[in-house]
Amino acid sequence: GHSMGGKVAAMCTHRRHHHEGQLRIRSLSMLDICPTAYSREEFSFLDKSFRSLEAIAQHWHLYSTKAQIYDALVVKEFPDPAFSRFILSNIVRNEEADGPPWKWVFNFDAIRQNHDNILDFPAELHNPTLPLGLSNTFPTFIMKGARSSFVKSSHLAKIKALFPSYSLATVAAA
C-alpha cells in the first residue's frame, strides 16, 4: 500500500491476530509511509491541499471539459505537473441531474473529516515493546523516497517491533 493504503495494509496485518484464520498474509509492502502516528505538522501541506480541492470543486459549474478545469484551476492550485495530473485523474463527470457537472472519485468529505484518524495509528501499536505474538514474521518491504520525510530513522524501532523481518529501500532523488 502507498501512503494511506500502506497504513491500511499494516492495520490488516495487526487485525489478523484478532481474527486468526480469516486473513492470510504472506508479505507486506508499504510505499513511503510507516505504521506510526504522524503529527498534523508533518502533514501541514494537507490543509492547503484541502482548501485547493475545495476551490476546484467550487468552480466546476464553469467548465465543460477536464482540460478547462486543468488549465484554469488544477495547475494554479497544484503547480507540480505530476500532482496536477493525479488530481485531474480523480475528477469524473457527475451523472446526477441535480448535482454539479463534475465530482471527485474519492470521498473528499470523509477524508477531510477523518484527517486526524488517517494520521493516527492504534495506540496499542505505538509502543515498540509489543506483547509476544503481536509482531508479524512475514517479509515486509518498505520503500521510501530519499527526499521524503514520511519514513524516518526515528521510525525504525517501531517498524522492527511490528515487522521484525522488514527490509528498507530508498529511491534516490524521489
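# Aromatic pairs, core and salt bridges

Five aromatic pairs turn up in a search of the whole structure. The model is predicted. The largest nonpolar core has 33 residues.

**Aromatic pairs**

- Tyrosine 38 and phenylalanine 150 form an edge-to-face pair, because their planes stand at 90°, with the ring centres 6.3 Å apart.
- This pair joins distant parts of the chain, 112 residues apart. Tyrosine 38 lies in the loop between β1 and α2, and phenylalanine 150 in the loop between β4 and α7.
- Tyrosine 38 and phenylalanine 150 are both buried.
- Tryptophan 104 and phenylalanine 106 make a stacked pair. Their centres are 5.3 Å apart, with 20° between the planes.
- Tryptophan 104 is buried, at 10% relative accessible area. Phenylalanine 106 is partly exposed, at 25%.
- Trp60, Trp104 and Phe106 belong to one aromatic cluster.
- Another ring has a charge over it: the charged end of arginine 93 sits 4.0 Å from the centre of the tryptophan 102 ring.

**The nonpolar core**

- Within the largest nonpolar core, the residues with the most contacts are Ile56, Ile69, Ile91 and Trp104.
- The elements giving two or more residues to this core are α1 (4-15), β1, α2, α3, α4, β3 and α7.
- Helix α2 gives the most, with four residues.
- What does isoleucine 91 contact, leaving aside its neighbours within four places in sequence? Its contacts are Ile56, Trp60, Lys66, Ile69, Trp102, Lys103, Trp104 and Val105.

**Helix α3**

- Helix α3 spans residues 66-77, and its buried residues are Ile69, Leu73, Val74 and Glu77.
- These buried residues line one face of α3, because they fall within an arc of 90° seen down the helix axis.
- A general rule of helix geometry applies: an α-helix has 3.6 residues a turn, so residues three or four places apart point the same way.
- The face turned away from the buried side carries the exposed residues Asp71 and Lys76.
- On the buried side, α3 packs against α2, α4 (81-89), β2 (91-93) and β3 (102-104).

**Salt bridges**

- Why can such pairs form? Side chains of opposite charge can pair when their charged atoms come close.
- Arginine 40 and aspartate 116 meet in a salt bridge, at 2.6 Å from N to O. Arginine 40 is in the loop between β1 (28-31) and α2 (45-58), while aspartate 116 is in helix α6 (residues 115-119), 76 residues apart.
- Arginine 40 is partly exposed, at 37% relative accessibility. Aspartate 116 is also partly exposed, at 46%.
- Glutamate 42 and lysine 152 meet in a salt bridge, at 2.9 Å from N to O. They lie 110 residues apart, with glutamate 42 in the loop between β1 and α2 and lysine 152 in the loop between β4 (140-145) and α7 (156-162).
- Glutamate 42 is partly exposed, at 25%. Lysine 152 is partly exposed, at 31%.
- Glutamate 54 pairs with arginine 112 in a salt bridge, with the closest N and O atoms 2.4 Å apart. This one links helix α2 to helix α5 (residues 108-113), across 58 residues.
- Glutamate 54 is partly exposed, at 29% relative accessibility. Arginine 112 is partly exposed, at 31%.
- Arg40, Asp47 and Asp116 form one network, through salt bridges that share partners.

Note on methods. Residues are numbered from 1 along each chain as its sequence is written. This is a predicted model: local features need pLDDT of at least 70, side-chain atom pairs count only at pLDDT 80 or more; totals for chains, interfaces and linings use all residues. Side-chain values use heavy atoms; hydrogens and water are left out. A salt bridge is a side-chain nitrogen of Lys or Arg within 4 Å of a carboxyl oxygen of Asp or Glu. Buried means under 20% relative accessible area, exposed over 50%, partly exposed in between (1.4 Å probe, protein chains only). The arc is that of the directions from the helix axis to the C-beta atoms. Contact means heavy atoms within 4.5 Å. A nonpolar core is a set of buried Ala, Val, Leu, Ile, Met, Phe, Trp, Tyr and Cys residues joined through side-chain atoms within 4.5 Å. Rings of Phe, Tyr and Trp (its six-membered ring) pair if their centres lie within 6.5 Å; planes under 30 degrees apart count as stacked, over 60 as edge-to-face and the rest as tilted. A charge sits over a ring if NZ of Lys or CZ of Arg is within 6 Å of the ring centre and within 35 degrees of the ring normal.
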